[in-house]
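This report describes the sequence and structure shown below.

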Amino acid sequence: MIEIKGVRKSFGDNEVIKGIDLTINKGEVFCLIGASGSGKSTLLQCINGLESIQGGQILVDGHDVHDKRTNINELRQKLGLVFQQYNAFPHLTAIDNVALAPRIVKKMRRSDALALARQHLEYVGLGDKMHLKPKSLSGGQQQRLAIARALAMQPTYMLFDEITSALDPELVGEVLDTIRKLKESGLTIIMVTHDIAFARESADRVAFFDRGKICEIGDARQVISQPREERTRQFLQRVLQ
Amino acid sequence: MVINITPYSGLQWSDFWYVLDGAWRTVMLTIVSGAAGTLIGLVLGWARENSVILRYGLALYVDVTRSVPLIIQFILVNSVFSIFGLPLTPLEVGLLTLSLYMGVQTSELVRAGIRSVPEQLQKAARSLGMNYWQVQTHITAPLAIRTIFPSWIGTLIGLTKDTALVSVVGYIELLRAAQIVINRSNETLLILIGVGVFYFIICYPVSLYGRRLERRLAHD
């Protein structure tokens, strides 16, 4: 369970998250939607501890992410994060990209780490691309590689930060198919997305972010099909046009 | 009876060995100060990029070394140690000055290399649970080295030629040895061409090997 309690986050004088309370349950698929700059992606990075917070608390399975006594590197192994810009390590082949963290963070034997990497690359459909460097992969393939890399750490939660936003439209499908597969496996998924149709289809709950606050939260179909708040309605009208 | 007197004596085989010995000293200067300087540069560049105190604290050393002509630095190092009653041999002055100089050149390359690694990649590595040192050694360093490698080879070749300046403190390396032979034989052109060929023979393998390594490191 991830508990977000009264979280505030500023960059200098600019407060981007203005007090958010949110609980995400195990096994849930949770989507964050909202305009660019509303603080969704920042919140995701706060959950992973990549960004500091200026107020409130984030608990992951009871561990305070921003407490100095928490072993953040250990906690991060539970929280897979996939970025908009893939961030595949350019100097490593696909299989080494995936095997690196299990090898050096989990201290797995090299052969075990490679076997694990192979298994995850096959899972995301890159079984035939294992020995290619990221440069030789398409955007969609690099993004699936990033998903495999995060999965190889066997996280409890997967955080997806607008992972289809940088992709050509014809490549979005292959990445979303991977997420659908993950959903079936029972993983807890928190996803920032602009793909409203996908959120309605796949998410259990949706939160609509507006200017650093949660404006509306609830069942995915309800929020997207029959929003209660005027601002949610306006936003959905804009993006669904 | 006419006696033919000339102030010059012809070239002898011993001159060739003399110049070759100078060439060996040039190679030795380059290898030792190149290695020491690169080590200094790696530590210095990394430290200055990761600590604000060291960035400003060491700025003076870096700026002075980069701005003062190398030939003056040899003389300064030589004089400073003599003033403090610790006279160094010409070889020691040469190695120390060249190492410090190479260190500064390399440190600026290292800084540029570290900055060239996208912050996002380091974030991605952190998100997988890697600690600071794991990110440095497995992500930042390999990527930075690939970026700066060609410029580092260039710096090393520059250093090879800069070793000629050690002659100002009385060390007889390749160029100085050649000058001595020229003074005696007056075969200026021939000897200087020979010296040029020597420098080429020293530098070319470095750039050739560099190019090969560069290709192997490329993210094909």
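Helix H9 (residues 188-217) of chain B comprises 30 residues and reaches 43 Å from its first C-alpha to its last, close to the 44 Å expected at 1.5 Å a residue; the expected span is 1.5 Å times one less than the number of residues. Helices (H or I, at least four residues) and strands (E, at least two) are DSSP runs, numbered from the N terminus. Ile191(B), Val195(B) and Phe198(B) are buried in H9(B). A residue counts as buried if 20 or more other C-beta atoms, placed from the backbone, lie within 10 Å of its own. The buried residues of H9(B) pack against helix H1 (13-50) and helix H8 (174-185) of chain B.

The model is predicted: local features need pLDDT of at least 70 and side-chain atom pairs count only at pLDDT 80 or more, whereas totals for chains, interfaces and linings use all residues. Residues are numbered from 1 along each chain as its sequence is written, and chains are lettered from A and ligands numbered from 1 in the order in which they are written.

Chain A contains nine helices and ten strands. Its radius of gyration, taken over C-alpha atoms, is 18 Å, close to the 18 Å that the globule rule gives for 241 residues, so chain A is as compact as a globular protein of that length. The rule is 2.2 Å times the number of residues to the power 0.38. Of the 241 residues, 44% count as buried.

Strand E8 (residues 188-192) of chain A is mostly covered, with five of its five residues buried. Thr188(A), Ile190(A) and Val192(A) point one way from E8(A), and Ile189(A) and Met191(A) the other way. The pairings of E8(A) are tabulated here.

The contact between chains takes 20 residues from chain A and 18 residues from chain B; two residues are in contact if their C-beta atoms, placed from the backbone, lie within 7 Å. Helix H2 (72-76) and helix H3 (94-104) of chain A are the elements that give two or more residues to the side of chain A that touches chain B.

Key. Buried ≥ 20, exposed ≤ 12 C-beta atoms within 10 Å, placed from the backbone.
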